[in-house]
Amino acid sequence: MLMRTDPFRELDRLTQQLLNTTGTWSRPSAMPMDAYREGEEYVIALDLPGVSTDAIEIDVERNMLTVKAERRPVAKADDVQMELSERPLGVFSRQVVLADTLDTEHIRADYDAGVLTLRIPIAERAKPRRIAVGGGSAHREISG
């Protein structure tokens, strides 16, 4: 088998093995994330390639959003010999403090092509609105 080698990638892999940087439930690894506003929603996209949907947990407590996921090892047959293993296994987690202007009661989660996308609507109370000014010049006299 012909393989190109990258000495820096190999050094990084060895460092990860020596430091045991795979995530555990007590000390999870971070996951890459993008966050942006799209129209009337706040969108958070998290990279979770190779994670099944039943291994993803999403919790909201007050304004703290927590996403945990676990990439489990693939069951291998007895006659399989691993040549290279670079994809990290273990537990990944990310916590995000959400603003009070977001409606945490209506969060939608979709998982497609290894990307978990959370859509959080902007709360009605946070949307701009016009306030009508009432006219009325009724004067009252206070007699005492």
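Okay, let's start with H106, which sits in the loop between β5 (90–97) and β6 (108–112); strands here are DSSP runs of E with at least two residues, helices are H or I runs of at least four, and both are numbered from the N terminus. Leaving out residues up to four places away in sequence, H106 touches R119 and P121, where a contact means heavy atoms within 4.5 Å. There's also A123, 17 residues from H106 in sequence, and the C-alpha atoms of those two are 9.6 Å apart in space.

Quick housekeeping. This is a predicted model, so local features need pLDDT of at least 70 and side-chain atom pairs count only at pLDDT 80 or more, while totals for chains, interfaces and linings use all residues. Residues are numbered from 1 along each chain as its sequence is written, and side-chain values use heavy atoms, with hydrogens and water left out.

Now, the whole chain. We've got one helix and seven strands, and along the sequence they run α-β-β-β-β-β-β-β. Of the 144 residues, 24% are buried, meaning under 20% relative accessible area with a 1.4 Å probe and protein chains only; exposed is over 50%, and partly exposed is in between. If you take contacts between residues at least 6 apart in sequence, 56% of them join residues at least 24 apart.

Strands β1 (residues 33–38) and β2 (residues 41–47) pair in the antiparallel sense over six bridges; to count as a pair, DSSP has to find at least two bridges between them. M33 stands opposite L46 in β2. Two residues lie between the strands, and G39 in that turn has a positive phi of about 65°.

Then there's E70, over in strand β4 (residues 64–71). So is E70 buried or partly exposed? It counts as partly exposed, because its relative accessibility is 21%. S52 is 18 residues away along the chain, with 8.3 Å between the C-alpha atoms of E70 and S52.

Last stop, the second largest pocket. Its lining includes G50, R71, R72, M82 and E86. By class, that lining has five nonpolar, two polar and five charged residues. Here Asp, Glu, Lys and Arg are charged, Ala, Val, Leu, Ile, Met, Phe, Trp, Tyr, Cys and Pro are nonpolar, and the others, Gly among them, are polar. A pocket is an open set of points on a 1 Å grid over the protein atoms alone, where a 1.4 Å probe fits, with protein on both sides within 12 Å along at least five of seven lines; lining residues have an atom within 4 Å of a point.
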